[in-house]
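Take a look at the chain shown here.

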Amino acid sequence: MNAKTYSTFQRRLVCAALVIILLAFLPIRAFATGGNVSGAIEGTWTAAQGEVKAIVNNVVFPVIDMVLAVLFFVKIATCYMDYRKHGQFDFTAPAILFACLLFSLTAPSYIWTILG
């Protein structure tokens, strides 16, 4: 093979591989029965509702709570160090983190009544 033929062969091979990859990763359209899209979404939510609630209650909220608790205590420590150094304590950042922590700790009790 000469250089020009090999280059054309490489281009065709790359194009074929690209087409195969695109066909493999392109999504397939899903049509709702009778055009009722909201019914299809509600049916899917009803089927997966228990699993979603369990994952959010047992994984997502505890992770958020842990991150906020660590950030809160680190911020309290840095504010205390600033207080010892400068003589004034800044309450804003710890208060915001504490409010976020309280919100995320109590969210599982009311979030599912809002979402259904």
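The questions below go from the whole chain to single residues.

This is a predicted model: local features need pLDDT of at least 70, side-chain atom pairs count only at pLDDT 80 or more, and totals for chains, interfaces and linings use all residues. Residues are numbered from 1 along each chain as its sequence is written, and side-chain values use heavy atoms, with hydrogens and water left out.

Q: Which pattern does the chain follow, read along the sequence?
A: Helices (H or I, at least four residues) and strands (E, at least two) are DSSP runs, numbered from the N terminus. The chain has three helices and zero strands. Along the sequence, the pattern is α-α-α.

Q: Are α2 and α3 roughly parallel or roughly antiparallel to each other?
A: Axes are lines fitted to C-alpha atoms, for helices over the stretch in contact, and angles run from 0 to 180 degrees between N-to-C directions. Helix α2 (residues 37–86) and helix α3 (residues 92–115) pack at about 165 degrees, with axes 9 Å apart. Angles under 35 degrees count as roughly parallel, over 145 as roughly antiparallel, 65 to 115 as roughly perpendicular and the rest as oblique. Therefore α2 and α3 are roughly antiparallel.

Q: Is S104 buried or exposed?
A: S104 sits in helix α3. Buried means under 20% relative accessible area, exposed over 50%, and partly exposed in between (1.4 Å probe, protein chains only). S104 has a relative accessible area of 5%, so S104 is buried.

Q: Which residues does S104 touch, not counting residues up to four places away in sequence?
A: Contact means heavy atoms within 4.5 Å. With residues up to four places away in sequence left out, S104 touches F61, I64, D65 and L68.

Q: What percentage of the residues of the chain count as buried?
A: The chain has 116 residues. The share that counts as buried is 12%.

Q: How many disulfides does a search of the whole structure find?
A: A disulfide is a covalent bond between the sulfur atoms of two cysteines. Here it is counted as a pair of cysteine sulfur atoms within 2.5 Å. C15 is partly exposed at 48% relative accessible area, and C100 is partly exposed at 34%. The search of the whole structure finds a disulfide count of zero.

Q: How far apart in space are Y80 and D90, C-alpha to C-alpha?
A: Y80 lies in helix α2. At 42% relative accessibility, Y80 counts as partly exposed. Y80 and D90 are 10 residues apart in sequence. In space, C-alpha to C-alpha, the distance is 8.8 Å.
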